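Colleague: I have just opened this entry and would like a guided tour. Could we go through it together, one question at a time?

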Amino acid sequence: MMKRIFITALVLSLVFALGAGAQSAKPFVAMTTDANGLGDGSFNDGVWAGLKKAEAEGLARVKVVEAHAMTDYIPNLSGLAEDGAQLVFGVGFLMVEQIQEAAKMNPKTFYAGIDHFYDDPIPPNLIGISYKEQEAGYLAGIVAGYMTNKYSKNSKLLNDKNVIGAVLGMDIPPVERYLAGYIAGAKSVNPKVDVRYIVAGTFSDRAKGKEAALALADQGADIILQIAGLTGMGVIDAARERKFFALGADVDQNSAAPDYVLTSALKGTTMSAYITIKDLAAGKLKGGVNRVFGLAEGAIDIAPFHQFDSIVPAEVKNAVAKAKADIASGKVKVPASLAELGIKK
């Protein structure tokens, strides 16, 4: 009897040990947000969704630390490495210098910078993750270019001015790529469209975003793309107040104002974070590189039209579908800067 009890106890202890070993075998992955934190309805939330997806699939244990100011970036990035994270994501273009410094200070930890593209030499434990935002902007521009003009009678939120707009958080490369694509897409279907934009100068001031959007609405814009993070949520606030269409960015922002967000320009922050973690879990992750995600990689799209699907004609949907195919095949190369469009800042 005692022997049987001993064997049973031994088997149970082995089961628990193996279970604990499997648990500890999962890589520990963490991220630090930028100063906007979670709940921005934009790329912080998008990257965190990628970590949570990996966790749900049993690929990793995950953690997030929120920054409240730029001075938090280095402590957060290094602190997560000290906590044992094998991979740390730093979110946002404004963290580009700090994450390079943290990577050099913590050579045994992989770091991945979202919206970052690094010059050589890149530390061997650092990965730059950037996107072809211009491709998402182009798709959104096609929708805006058609709807503001040819199909302006399809909604009371549209007018006959043939003016569309965009609110930029800051004049930095990822934002300019969005804008360049947006202008190119709109003009590809509506050459006479007037595309106006305002740079708010911040990604974290919702009131400034609203003020900028209202100014564009005063100039006749009936569709306004937000490319401004938390500031851009003010564009959606303005759309609700002034009754025009907003276009979201980075993630599907329809839920922020279902009656006013026509669609959103999507970039695959969730997917790119998930793929990076999947590579880590498989032992295939390599540092010292820049990874660029575009439409061909399945990282770029526009969101569904949701309740506005019936007012968006087949011609518009077909044009978007054709643009996707042409961009993915390389037939259409979307401009990534205003200079490529012949526009001086």
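Colleague: Is Y131 buried or exposed?

Modeller: This is a predicted model, so local features need pLDDT of at least 70 and side-chain atom pairs count only at pLDDT 80 or more, while totals for chains, interfaces and linings use all residues. Residues are numbered from 1 along each chain as its sequence is written, and side-chain values use heavy atoms, with hydrogens and water left out. Buried means under 20% relative accessible area, exposed over 50%, and partly exposed in between, with a 1.4 Å probe and protein chains only. Since Y131 has a relative accessible area of 1%, the word for Y131 is buried.

Colleague: How many aromatic pairs are there?

Modeller: Rings of Phe, Tyr and Trp (its six-membered ring) pair if their centres lie within 6.5 Å; planes under 30 degrees apart are stacked, over 60 edge-to-face, and the rest tilted. With that rule, the count of aromatic pairs is three.

Colleague: Which residue forms an aromatic pair with Y131?

Modeller: The centres of this pair are 6.2 Å apart and the planes are 35 degrees apart, which makes the pair tilted. The partner of Y131 is F293.

Colleague: How many residues apart in sequence are the parts that this pair ties together?

Modeller: Helices (H or I, at least four residues) and strands (E, at least two) are DSSP runs, numbered from the N terminus. Y131 belongs to strand β5 (residues 126–131) and F293 to strand β11 (residues 289–293). F293, at 5% relative accessibility, is buried. The pair therefore ties together parts whose separation in sequence is 162 residues.

Colleague: What angle lies between the planes of F245 and F308?

Modeller: F245 is in strand β9 (residues 245–250), and F308 is in the loop between β12 (300–302) and α10 (314–329), 63 residues apart. F245 is buried at 0% relative accessibility, and F308 is buried at 10%. Their pair is edge-to-face, 5.0 Å centre to centre, and the angle between the planes is 90 degrees.

Colleague: Which ring has the charged end of K267 over it?

Modeller: A charge sits over a ring if NZ of Lys or CZ of Arg is within 6 Å of the ring centre and within 35 degrees of the ring normal. K53 lies over the face of Y274, at 4.6 Å from the ring centre. For K267, the charged end is 6.0 Å from the centre of the ring of F43.

Colleague: Which word describes how α7 and α8 lie to each other?

Modeller: Axes are lines fitted to C-alpha atoms, for helices over the stretch in contact, and angles run from 0 to 180 degrees between N-to-C directions. Helix α7 (residues 206–218) packs with helix α8 (residues 229–242) at about 45 degrees, with the axes 6 Å apart. Angles under 35 degrees count as roughly parallel, over 145 as roughly antiparallel, 65 to 115 as roughly perpendicular, and the rest as oblique. The word for α7 and α8 is therefore oblique.

Colleague: Is the crossing of α3 and α4 left-handed or right-handed?

Modeller: The axes of helix α3 (residues 73–82) and helix α4 (residues 96–105) come within 9 Å and cross at roughly 35 degrees. Y73, I74, L77 and S78 of α3 make the contact (heavy atoms within 4.5 Å) with Q98, I99, E101, A102 and M105 of α4. A crossing is left-handed if the near helix is turned anticlockwise from the far one by less than a right angle, and right-handed if clockwise. The crossing of α3 and α4 is right-handed.

Colleague: What is the omega of the cis peptide bond between D120 and P121?

Modeller: Most residues other than glycine have a negative phi, and most peptide bonds are trans. P121 lies in the loop between β4 and β5. The cis bond that joins D120 to P121 has an omega of about -5 degrees.

Colleague: What is the phi of K243?

Modeller: K243 is in the loop between α8 and β9 and is partly exposed, at 43% relative accessibility. Although K243 is not a glycine, its phi is positive, about 65 degrees.
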